[in-house]
Each structure stands twice: as C-alpha cells, then as structure tokens.
Amino acid sequence: MYASVRKYKSSSPKEVIKRVNAEFVPMISKAPGFVSYHVVEGANEVLVSVSVFETQAGAEESNRIAADWVKKSLSQFMAGPPEITAGTVAAYKTK
C-alpha cells in the first residue's frame with residue numbers, strides 16, 4: 001500500500017471540510033486502487049489529508065486529482081500550496 005499525506009493551511013477549515021465531504025470524497029474514492037481517505041482538522045487552521053491506495057500510481061494520481069480540485073474549488077480558502085509527503089505504508093493495523 002502507498003499513502004499520500006497533504007498538509008494545508010486554510011483560512012476557513014470548516015468550509016473546506018464541508019466541501020471535501022460533499023465533492024472531493026466521492027471523486028477520490030472512485031480513483032483506481034483507492035483504500036481510504038481521511039482528513040484531520042488540526043490546530044491553527046491546519047488540515048491534513050491522508051489518502052491510501054493499493055499502488056504507488058494510485059497515490060500519485062490522488063495528488064494530481066487533489067491539486068486540480070483544490071485549485072478549482074478551494075483556492076480562496078488556502079494559504080499557499082500543500083506540503084506533500086508520499087510513500088510506502090510501512091506499518092498499519094485496522095480494526
């Protein structure tokens with residue numbers, strides 16, 4: 001499995017989360033190899049998303065999908081580009 005972690009600074013995290021749930025989650029969940037998607041609302045208007053895919057190509061595609069969607073739908077709420085970390089999932093456990 002592969003994951004992509006994107007860290008955003010947002011002027012309106014609640015609005016971003018609302019739009020992510022309504023628009024982005026349905027889009028990303030249809031990407032090939034999709035496993036899971038999570039958003040963490042941190043302190044100081046920070047949002048962190050974690051996309052998990054079966055393949056590296058899927059994780060990389062999720063970054064392209066996210067970049068296009070954020071540019072089109074959320075640019076007014078974002079303070080610059082995200083910090084992105086991607087790679088092999090080295091350890092995990094699910095319930």
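Mentor: Start with handedness: a crossing is right-handed if the near helix is turned clockwise from the far one by less than a right angle, and left-handed if anticlockwise. The part to look at is the crossing of α1 and α2, and this crossing is right-handed.

Two points before we go on. This is a predicted model, where local features need pLDDT of at least 70 and side-chain atom pairs count only at pLDDT 80 or more, while totals for chains, interfaces and linings use all residues. Numbering runs from 1 along each chain as its sequence is written, and side-chain values use heavy atoms, with hydrogens and water left out.

Now find the two helices. Helix α1 covers residues 13-28, and helix α2 covers residues 56-73. Helices (H or I, at least four residues) and strands (E, at least two) are DSSP runs, numbered from the N terminus. The axes of α1 and α2 lie 11 Å apart, and the packing angle is about 145°. Axes here are lines fitted to C-alpha atoms, for helices over the stretch in contact, and angles between N-to-C directions run from 0 to 180 degrees.

Next, see which residues meet. From α1 come Arg19, Val20, Glu23, Phe24, Met27 and Ile28. From α2 come Ser62, Ile65, Ala66, Trp69 and Ser73. Contact means heavy atoms within 4.5 Å.

Zoom in on isoleucine 65. This residue belongs to helix α2. Isoleucine 65 counts as buried because its relative accessibility is 17%. The cut-offs are under 20% relative accessible area for buried and over 50% for exposed, with partly exposed in between (1.4 Å probe, protein chains only). Leave out residues up to four places away in sequence, and isoleucine 65 touches Phe24, Met27, Ile28 and Ala31. Look at one of these partners, isoleucine 28. Isoleucine 28 and isoleucine 65 are 37 residues apart along the chain, yet their C-alpha atoms are separated by 7.4 Å.

Move along α2 to serine 73, which also sits in this helix. With 12% relative accessibility, serine 73 is buried too. Its contacts, again leaving out residues up to four places away in sequence, are Arg19 and Glu23.

Arg19 leads us to the charges. Arg19 is linked with Glu15 and Lys18 in a network of salt bridges. A salt bridge is a side-chain nitrogen of Lys or Arg within 4 Å of a carboxyl oxygen of Asp or Glu. By this rule the count comes to 4 salt bridges. Take the pair of glutamate 15 and lysine 18. Their N-to-O distance is 3.5 Å. Glutamate 15 and lysine 18 both lie in helix α1, 3 residues apart, which is about one turn of the helix. How exposed is each partner? Glutamate 15 is partly exposed, at 21% relative accessible area. Lysine 18 is exposed, at 53%.

Arginine 64 bonds to glutamate 61 in a salt bridge, and the closest N and O atoms are 2.9 Å apart. Arginine 64 and glutamate 61 both lie in helix α2, with 3 residues, or about one turn, between their positions. Arginine 64 is partly exposed, at 47% relative accessible area. Glutamate 61 is partly exposed as well, at 30%.

Lysine 14 pairs with glutamate 41, and the closest N and O atoms are 3.1 Å apart. This pair links distant parts of the chain: lysine 14 is in helix α1, glutamate 41 is in strand β2 (residues 34-41), and 27 residues separate the two. Lysine 14 counts as exposed, because its relative accessibility is 60%. Glutamate 41 has 38%, so this residue is partly exposed.

Follow the chain past β2 for a last stop. Asparagine 44 is in the loop between β2 and β3 (46-53). Glutamate 45 lies in the loop between β2 and β3 as well. Asparagine 44 has a phi near 60°, a positive value in a residue other than glycine. Glutamate 45 also has a positive phi, about 65°, although it is not a glycine. Asparagine 44 is exposed, at 63% relative accessibility. Glutamate 45 is partly exposed, with 38%.

Now go back to the crossing.
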